[in-house]
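Hi,

Here's the structure I said I'd send over.

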Protein chains: 2
Amino acid sequence: MARPDTPVNLSEKLAGIEDHWSPRTVMEVNGLELKVSKFKGEFVWHSHAEGDEMFLVLRGELTIELRDRESVRLGPGEMFVVPRGVEHRPVTPEGCDVVLLDPEGALNTGEVEDSELRREAEWA
Amino acid sequence: MARPDTPVNLSEKLAGIEDHWSPRTVMEVNGLELKVSKFKGEFVWHSHAEGDEMFLVLRGELTIELRDRESVRLGPGEMFVVPRGVEHRPVTPEGCDVVLLDPEGALNTGEVEDSELRREAEWA
């Protein structure tokens, strides 16, 4: 799909999502895809060889577990970048809404191909 | 400056800014810089040859005037991408807080070098 040439309302896009861990692309910018997703529970440990992954929390609380250092906790309005190749696991027992920024075509479970949670991001 | 390896709180970064039209870099991701800025009034017409520019409004209302089509109006939680090379002018009589995403090193006034509003983005 072509990049939208009208304003994108993040809350409206999120309101249309019912499933968890299934990012929807809402914008393309300089070869990256901006996505929104609802998270709840524990994701799988994975990394992304294509590039860095940005997380921005809009609602709720998100813990990003990291293999070799202490976890990062994000609340609304807080963001973090997991660098390319760094293994991580998002965890959010109560659930949260997030904005993600990834290289085009990046899959949510990265190098982990056999996860039930693996999704290609469709346009919202 | 190196990319922060701790969470970045966008509201806290914005609270530390007193001047308008002077973006501060808060994160680096895949060769792009994520910035926050306070806008108020009318900016200059300009474009960016380096790449696309994303605007996400956090507070207030922003109009992005575009040379060859109708303006885009953004409220809180709304975003828009001005494609590479497209001339535009941000206007916000009441003022607004925004998140910007640009290629590394992009200057706020683009090809317009003689504007009083021209700034290099420093890290917040």
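Below is what turned up where the two chains meet.

One thing to keep in mind: this is a predicted model.

Let's start with the contact itself. On the chain B side, 29 residues are in contact with 29 residues of chain A. Putting the two together buries about 2400 Å², and carbon and sulfur atoms give 61% of that area.

The rule finds two salt bridges across the interface of chain B and chain A. In one salt bridge, B:D52 pairs with A:R3, and their closest N and O atoms are 2.7 Å apart.

Which parts of chain B make up the side that touches chain A? Several strands give two or more residues to it, including strand 2 (24–29), strand 3 (32–42) and strand 8 (88–103) of chain B. Sorted by type, the residues on that side of chain B come out as 17 nonpolar, five polar and seven charged.

Finally, there's some strand pairing between the chains. Strand 1 of chain A (residues 8–9) is joined to strand 7 of chain B by two bridges, and these strands run antiparallel. To find the spot, look for A:N9, which stands opposite B:E78 in strand 7 of chain B.

Cheers

Conventions: Residues are numbered from 1 along each chain as its sequence is written. Chains are lettered from A and ligands numbered from 1 in the order in which they are written. This is a predicted model: local features need pLDDT of at least 70, side-chain atom pairs count only at pLDDT 80 or more; totals for chains, interfaces and linings use all residues. Side-chain values use heavy atoms; hydrogens and water are left out. Contact means heavy atoms within 4.5 Å. Buried area is the accessible area (1.4 Å probe) that two parts lose on being put together, summed over both. A salt bridge is a side-chain nitrogen of Lys or Arg within 4 Å of a carboxyl oxygen of Asp or Glu. Helices (H or I, at least four residues) and strands (E, at least two) are DSSP runs, numbered from the N terminus. Ala, Val, Leu, Ile, Met, Phe, Trp, Tyr, Cys and Pro count as nonpolar, Asp, Glu, Lys and Arg as charged, and the others, Gly among them, as polar. Two strands pair if DSSP finds at least two bridges between them.
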